Amino acid sequence: MNRSFFRPTLALLLSTSLLTLGTGCVSQKKYTALQSQYDELTKSREQLQAQKTALEQDKARSEDALRSSLLNKNQQVNQLNDNLSGAQAANTQLSADLRSKEQRIAEMQRILDQKDAAVKALRKKVGDALLGFNANDLQVNVRNGKVYVSLSEQLLFKSGSTKVDPKGQEALKKLATALQGNQDVNVLVEGHTDNVPITKGTLGMKDNWDLSVLRATEITRILTESGLNPAQVTPSGRSQYVPVAANTTPAEKALNRRTEIILTPKLDELFQILEAN
């Protein structure tokens, strides 16, 4: 409360008191009451002044706290803006990387689709070329994205022999003719036997490994002599270790004595994409 409020009041009281005293009409009791009132007003003024000072101090502290809080909030906002800018840049890069990966995946899918179409076309072409052979002796199937031409021993060889019979040569020559000019196909010739050991003393052979390899080599020779590019063909022998039947009956053993010619489209483009990643 402003001190100017008290001054006219006190002056008025004193003037009134003096006037009363001057006329001799004031009593001691009246004077004491006025003095007490004066003291109370003085005390109230001091209390109000103290409250005012405390409020000013609280105000100053509050303003300091607000300024500090505002500064802190500004710093936080700036940090968040920096983080947001970094996140936006990272998101932009991530989006670009994602688009690039999606493009590579789409390209790989396109190549795989082309490969699947090529396998189907190759299966049909080989199947058409080998029509007329007994289904028990010659089968053409697609497995794991590859064309398998499975030829029985009965079609190709006499027991224990590595020389291909005329009927088998005919089938192999037709297969070579169907594959001529198709440089995008790898040809793997796999020889397989049953688990019966070869006759001891068989010329040039020690065991079923030799028998399976020599048969695969002989078939490879016929294929290449019939026009297939030698660089496309790989002969291999698997002996008795990849059977398709249990080797417990003559019929099962006959199934295992076979040659599989595996045709695999080349995937150079796909491998290049994978290596790039």
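Mentor: In this predicted model, the elements follow the order α-α-β-β-α-α-β-α-β-α-β-α from the N terminus. The protein has 7 helices and 5 strands.

Trainee: How many residues does the protein have, and what percentage of them is buried?

Mentor: The protein has 277 residues, of which 29% are buried.

Trainee: Which residues have the most contacts inside the largest nonpolar core?

Mentor: A nonpolar core is a set of buried nonpolar residues joined through side-chain atoms within 4.5 Å. Here the largest such core has 30 residues, and Ile 261 and Leu 263 have the most contacts inside it. Two or more residues each are given to this core by α2 (28-129), β1 (138-143), β2 (146-152), α3 (153-156), α4 (166-179), β3 (185-192), α5 (208-225) and β5 (258-265). The largest share, 5 residues, comes from α4.

Trainee: What is Leu 263 in contact with, leaving aside its neighbours within four places in sequence?

Mentor: Leu 263 is in contact with Leu 122, Val 126, Lys 146, Val 147, Val 149, Leu 179, Val 185, Asn 186 and Val 187.

Trainee: How do the axes of α2 and α4 cross?

Mentor: A helix pair is read from the separation of the axes, the angle and the handedness. The axes of α2 and α4 come within 9 Å and cross at roughly 145°, and the crossing is right-handed. On the α2 side, Leu 122, Lys 125, Val 126 and Ala 129 make the contact, while α4 contributes Lys 174, Leu 175, Ala 178 and Leu 179.

Trainee: Is Ile 219 buried or exposed?

Mentor: Buried means under 20% relative accessible area. Ile 219, in helix α5, has 0% relative accessibility and therefore counts as buried. Beyond residues up to four places away in sequence, Ile 219 touches Leu 156, Phe 157, Val 164, Leu 172, Val 189, Thr 259 and Ile 261. Sequence and space can also be compared for a pair: Ile 219 and Gly 191 are 28 residues apart in sequence, with a C-alpha to C-alpha distance of 9.2 Å.

Trainee: Which residues other than glycine have a positive phi here?

Mentor: Most residues other than glycine have a negative phi. Two cases to examine are Asn 144, with phi near 55°, and Asn 247, with phi of about 65°. Asn 144 lies in the loop between β1 and β2 and is exposed, with a relative accessible area of 69%. Asn 247 is placed in the loop between β4 (233-237) and α6 (250-256), but counts as buried at 9% relative accessibility.

Trainee: Where does Ala 246 lie, and is Ala 246 buried or exposed?

Mentor: Ala 246 also lies in the loop between β4 and α6. Exposed means over 50% relative accessible area; Ala 246, at 51%, therefore counts as exposed. Ala 246 and Asn 195 are 51 residues apart in sequence, and their C-alpha atoms are 9.7 Å apart in space.

Trainee: Which residue lies over the face of Tyr 148?

Mentor: A charged side chain over a ring is read from its distance to the ring centre. Arg 143 lies over the face of Tyr 148, at 3.7 Å from the ring centre. As for pairs of rings, the count comes to 1 aromatic pair.

Definitions and conventions: Residues numbered from 1 in each chain as written. Predicted model: local features only at pLDDT ≥ 70, side-chain atom pairs only at ≥ 80, totals over all residues. Heavy atoms only, no water. Buried < 20%, exposed > 50% of the residue type's maximum accessible area, 1.4 Å probe, protein only. Helix = DSSP H or I, 4+ residues; strand = E, 2+ residues; numbered from the N terminus. Contact = heavy atoms within 4.5 Å. Phe/Tyr/Trp six-rings, centres within 6.5 Å; stacked < 30°, edge-to-face > 60°. Lys NZ or Arg CZ within 6 Å of the ring centre and 35° of its normal. Axes fitted to C-alpha atoms, helices over the stretch in contact; angles between N-to-C directions. Left-handed = near helix turned anticlockwise from the far one by under 90°.
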